[in-house]
Amino acid sequence: MQSIPASRLRPLRDEAYDRLRAAILNGMHQPGDWLREEEISQRLGISRMPVRESLRRLENEGFLEHFPNRGSRVTEIQSEDMANIYDARMFAESRMAKLAAKRISKEQLQRMRKNLDASAQAQGSELARLAGEFNEIIMEACGSMALKLIGRTIADLAIRLRHKTHNNPM
């Protein structure tokens, strides 16, 4: 991770949170890895307070577990949870799609069509990125902040589970 530029527009805690969350989701920080405030602070070039706040937020969201005087550790997603994660995802996404179908704007519909056109030619990581964008449009169009939060949480769990099963086939 690179240091956070001084000419930032967002609070440092949000920048640190985004970088740490992305590092966990992309597998840079694996389950069981220790994250320590001082080390992260030095790596990002920021004080420990925004790092501490971002770590607490990640703990609240289930990405990390905190151990006093030791630091925070990336949590493990259990393989047994796979069916529950995908069941919850199907439920949340079907509800969001139903609401989005009723509430979608012309601009959102145009973005979806453009996305689908691009997806027809895409492969690999580009296709995965476009699928994520498509889901974001649906979450935005559904108009429910609660469903949007649930959908993102479930999607994050699915990403982490995918890394686990890719790195450790059952």
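What follows is a walk through this predicted model, from the whole chain down to single residues. Because the model is predicted, local features need pLDDT of at least 70 and side-chain atom pairs count only at pLDDT 80 or more, while totals for chains, interfaces and linings use all residues. Residues are numbered from 1 along each chain as its sequence is written, and side-chain values use heavy atoms, with hydrogens and water left out.

Let's start with the whole chain. There are seven helices and three strands in it; helices (H or I, at least four residues) and strands (E, at least two) are DSSP runs, numbered from the N terminus. Read from the N terminus, the order is α-β-α-α-β-β-α-α-α-α. The C-alpha trace spans about 50 × 45 × 30 Å along its principal axes. Of the 170 residues, 33% count as buried, where buried means under 20% relative accessible area, exposed means over 50%, and partly exposed is in between (1.4 Å probe, protein chains only). The accessible surface comes to about 10,600 Å², and 53% of that belongs to carbon and sulfur atoms; these areas come from the Shrake-Rupley method with a 1.4 Å probe, and for residues only the protein chains shown count as cover. As for contacts (heavy atoms within 4.5 Å), take those between residues at least 6 apart in sequence: 65% of them join residues at least 24 apart.

Now go to helix H2, residues 37–44. Its buried residues are Glu-37, Ile-40, Ser-41 and Leu-44. How do they sit when you look down the axis of H2? They fall within an arc of 100°, so they line one face of the helix; the arc is that of the directions from the helix axis to the C-beta atoms. Those buried residues pack against helix H1 (12–25), strand S1 (34–35) and H3. Just after H2 comes Gly-45, with a positive phi of about 70°.

Helix H3 covers residues 48–60, with Glu-59 among them. Pro-50 counts as buried, at 10% relative accessibility, and if you skip neighbours within four places in sequence, its contacts are Leu-12, Arg-13 and Ala-16. Pro-50 and Ile-150 are 100 residues apart in sequence, with their C-alpha atoms 25 Å apart in space. Is Glu-59 buried or exposed? It's buried, because its relative accessible area is 17%, which is under the 20% cut-off. With neighbours within four places again left aside, Glu-59 is in contact with Leu-64, Glu-65, His-66 and Ser-72.

Over in helix H1 you'll find Ala-22, which is partly exposed at 35% relative accessibility. Ala-22 and His-66 are 44 residues apart along the chain, and 19 Å separates their C-alpha atoms.

Next, the loop between strand S2 (64–67) and strand S3 (71–74). Asn-69 lies in this loop and is exposed, with a relative accessible area of 85%. Phi of Asn-69 is near 65°, a positive value in a residue other than glycine.

The H4 and H6 crossing is left-handed: that is the word if the near helix is turned anticlockwise from the far one by less than a right angle, and right-handed if clockwise. On the H4 side, the residues that meet H6 are Arg-89, Glu-93, Met-96, Ala-97, Leu-99, Ala-100 and Arg-103; their partners in H6 are Asn-135, Ile-138, Met-139, Ala-141 and Cys-142. By class, this contact has eight nonpolar, one polar and three charged residues. Ala, Val, Leu, Ile, Met, Phe, Trp, Tyr, Cys and Pro count as nonpolar, Asp, Glu, Lys and Arg as charged, and the others, Gly among them, as polar.

Last stop: helix H5 (residues 106–121), where Ser-119 sits. Ser-119 is buried, with a relative accessible area of 18%. Not counting residues up to four places away in sequence, Ser-119 touches Leu-127 and Leu-130. Ala-131 is found in H6 and, at 39% relative accessibility, counts as partly exposed. Ala-131 and Ser-119 are twelve residues apart in sequence, and C-alpha to C-alpha they are 7.7 Å apart in space.
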